[in-house]
Each structure stands twice: as structure tokens, then as C-alpha cells.
Amino acid sequence: MSDLPALRQKIDSLDHTLVNILNERARVSLDIGAAKRKDTKEEDLAAADVQVYRPGREKEIYKKLTSLNGGPLNDDSLHAIFREIMSASIALQKDVSIAYLGPPGTFSHQAAYKRLGDSVAYVPQIQIDDVFAAVEKGQTTYGIVPYENSTFGSVVETLDYFIHTGVRVRAETYLTVHQCLLSNSKLDKITKVYSHPQGLGQTQKWLSAHIPNAKRISVKSTAEAAQKASLETGAAAVCSEICADLYGLEVVQANIEDLAANTTRFLIIGAASDSPTSDDHTLITFTVDHRQPGALCDGLKVFKDFELNLFKIDSRPSGQRPWHYVFFVECSGHMENDKVKQALKELEKYCLDVIVLGSFPNQRPEKTEK
């Protein structure tokens, strides 16, 4: 005789237990929120109440889950389940919203959802500047912006707005990006291709090899590209596969990115950075007096002297005068750590306009570390 009824009864019993445990966890989460508000000074209460998303704590939980997991669920599945549990807990403490480069279906949208789950509100923006503005004006709790791509490099729109913003980096997240060519026309009938500049840059070899005569047109996002392509005969979009269903397009060719490991790094921005963990990065900007020989070299040497590793260096025109630049440096450590504080103080001897854009837990995938 089959034991199927008994097994289903056991599943029902486990589900009952799970519901009770999940609600017990949710009540503890609410108690934690109340305790944090009680321990916060009155003048800091508003700012503290906003920061319910704790990327450092989230990283700690995922690490613990991995160590506890004995299967048969794999780590990714377990993390996905707990992502929704934590998302629901965040929403219980406060209505949380995140601005992203829209419309729906962009890689920014996917990265935000992968990180924050289903229980927060997602607010699409027309361009990257608008994401910063939504956070600055308090219209959303957080924002997510693309920062760099492993194939096509830094996202200059994000760098440029960081020069003028008052928001802080709170977390980083990575998304493996598979670009697709979507259209309602056959490949040999495509005469124009829409995409974000990053999308076109990440697929330029494929486009040159297969549709070299198609005009490439930059738009504000990959999902906007899909919208445009859906309205025009002979038009295509380089974007994610999910845009096919969202905007009524066919997948002409999948996975057209020039490098298989194509990955985009996003930064989550908010009113403040998270507390220190055992493994953080700090993003700093500064300028130098180019009339002083070796000024930039002297500034960078500070990080070596204080044993702070450098992970990324960028520069962008400052807008103050021609050939004057703002340098972006990402180093190890948290801005609240003594070593980083001392380094920043020393840096001010050689550099001007030193600004900390934020500190955040290092979450670079281990397989990409060199």
C-alpha cells in the first residue's frame, strides 16, 4: 500500500509548523525594530528609522545559512527563500521603496529584486540622475544604480552624479548579465538596434559580426529599447530576455554578450551607510592640484602607507575648469575604522575636496576575486 497519504500529512504538519515559526520570527523582527528606536537619540530617530535594510546583517545571515545547510536544498534556493523572509520582515518595520532605472524589465530592476525581494515597492525612473534625485528628496527609501560592467567598464552617468550628490553608498550587488537581441523582424531585416550604451558596448563584437549595417541607437535603458523596438518594423533591442514577454517581442538571438562571464555591479544608495563589518569597502572622491608635481602619486601612496588595498580607480571631469578631474578610489576598510580615518586625515594633506561616498560590505563573488 502506498505511503503517499502519510507523506502528504507530514508535509501539511510541517507547513503548519513553518507558518508558526515564520510569524514568530516576524514578531521578533518587530521587537528588534522597536528596540532600535528606543536606543536611538531623539534627534537621530528619523534617520535611524529609515535604515531598516542592513546589508551587513544580511551578509552574515546568508553566510550562516550556507554553513548550516545540509541539503537537499542547494544554497541558492535556501538564500532565495530567506531573501523573501527578510524582505517581508523589512516591510513589517517600515514601508520601503527603491528607485531604479526603468521601465520594468531593466537589469537594474532585476538586480534590485534579486537583492530586496517581493515585499518592497519598486519605483521606476526615467534616467540614472532621477534615481539619485528620488533618494535625495526622500521620495524613495533607497535607490539602485549601475556602477560598472566587467566587459564595458564604468557607467559614467553614475560616476558623474556621485560628484554632486549627498547620498551614501549602502551596499553593492552583482548580476550576471545575458544580453539578447529582441525584435519582431527577422535578423536579415533588422536595420536599427536600440539599447543603453552599456548594452551596445557589451555586445559590439556580436553586432558587428551579424548585423554590421544596422544603425545602433543609444537610449536611456534597455527596457526603453524594447519598448521602442516593439513599435517599429525592422527595429531590434539589446536587452534582457524577460523584456520579450513584457513588450511583446521575439528572441532573435539569446546570449549575445561578448564575454560569457558578463557581470554588472550595482550600488544601493541611501541616506547613510551601514555599520562596519569584518570585510568592507569604502568609496572616496578627491581632486588634486595638478600644478604640484606628484600630487596624485602622493595621494595614492597614503593608501599603501596605511595598508589599505585599492580595488578601483576612476576619474571624471570635475566641471570646475577644463582638464581638472575628480578621482574615485575604492579601498578596503570602513570609514568608521581607525585605519581608514587616519588615512583620510593624511590624504587631506595632499588632496583637495576629499569626500567619502560611503562604506559597504564587500560582496564581490568569490569566483571573480583574483
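Guide: Helices (H or I, at least four residues) and strands (E, at least two) are DSSP runs, numbered from the N terminus. The structure shown is a predicted model, in which local features need pLDDT of at least 70 and side-chain atom pairs count only at pLDDT 80 or more, while totals for chains, interfaces and linings use all residues. Residues are numbered from 1 along each chain as its sequence is written, and side-chain values use heavy atoms, with hydrogens and water left out.

Visitor: How many cavities of 30 Å³ or more does a search of the whole structure find?

Guide: Rolling a probe the size of a water molecule over the atoms shows where empty space is left. On a 1 Å grid over the protein atoms alone, a cavity is a set of points where a 1.4 Å probe fits but cannot get out, whereas a pocket is an open set with protein on both sides within 12 Å along at least five of seven lines; lining residues have an atom within 4 Å of a point. Here, the search of the whole structure finds one cavity of 30 Å³ or more, and the space in this largest cavity is about 190 Å³, a volume being the space filled by probe spheres set on points joined across faces, edges and corners. Its lining has 17 residues, of which Phe 107, Pro 146, His 196, Gln 198 and Thr 222 are closest to the centre.

Visitor: Which elements each supply at least two residues of the lining of the largest cavity, and which one gives the most?

Guide: At least two lining residues of the largest cavity come from each of α5, β3 (142–149), α8 (197–202) and β11 (263–270), and α8 gives the most, with three. By class (Ala, Val, Leu, Ile, Met, Phe, Trp, Tyr, Cys and Pro nonpolar; Asp, Glu, Lys and Arg charged; the others, Gly among them, polar), the cavity lining has six nonpolar, 11 polar and no charged residues.

Visitor: What volume does the largest pocket have, and which residues lie nearest its centre?

Guide: The largest pocket holds about 1,400 Å³ of space, and among the 37 residues that line this pocket, Lys 59, Tyr 62, His 79, Gln 363 and Pro 365 lie nearest its centre. Two or more lining residues of the largest pocket come from each of α3 (55–68), α4 (75–93), α5 (107–116) and β5 (168–176), with α3 giving the largest share, eight residues. The lining of the largest pocket divides into 18 charged, 13 polar and six nonpolar residues.

Visitor: How does the lining of the second largest pocket divide by class?

Guide: The second largest pocket, with a volume of about 430 Å³, is lined by 20 residues, and those closest to its centre are Arg 25, Ser 29, Arg 57, Ile 61 and Gln 93. By class, this lining has nine nonpolar, seven charged and four polar residues. At least two of the lining residues come from each of α1 (4–38), α3, α4 and α5, and α4 gives the most, with six.

Visitor: Are Cys 243 and Cys 351 buried or exposed?

Guide: Buried means under 20% relative accessible area, exposed over 50%, and partly exposed in between (1.4 Å probe, protein chains only). Cys 243, with a relative accessible area of 0%, is buried, and Cys 351 also counts as buried, at 4% relative accessibility.
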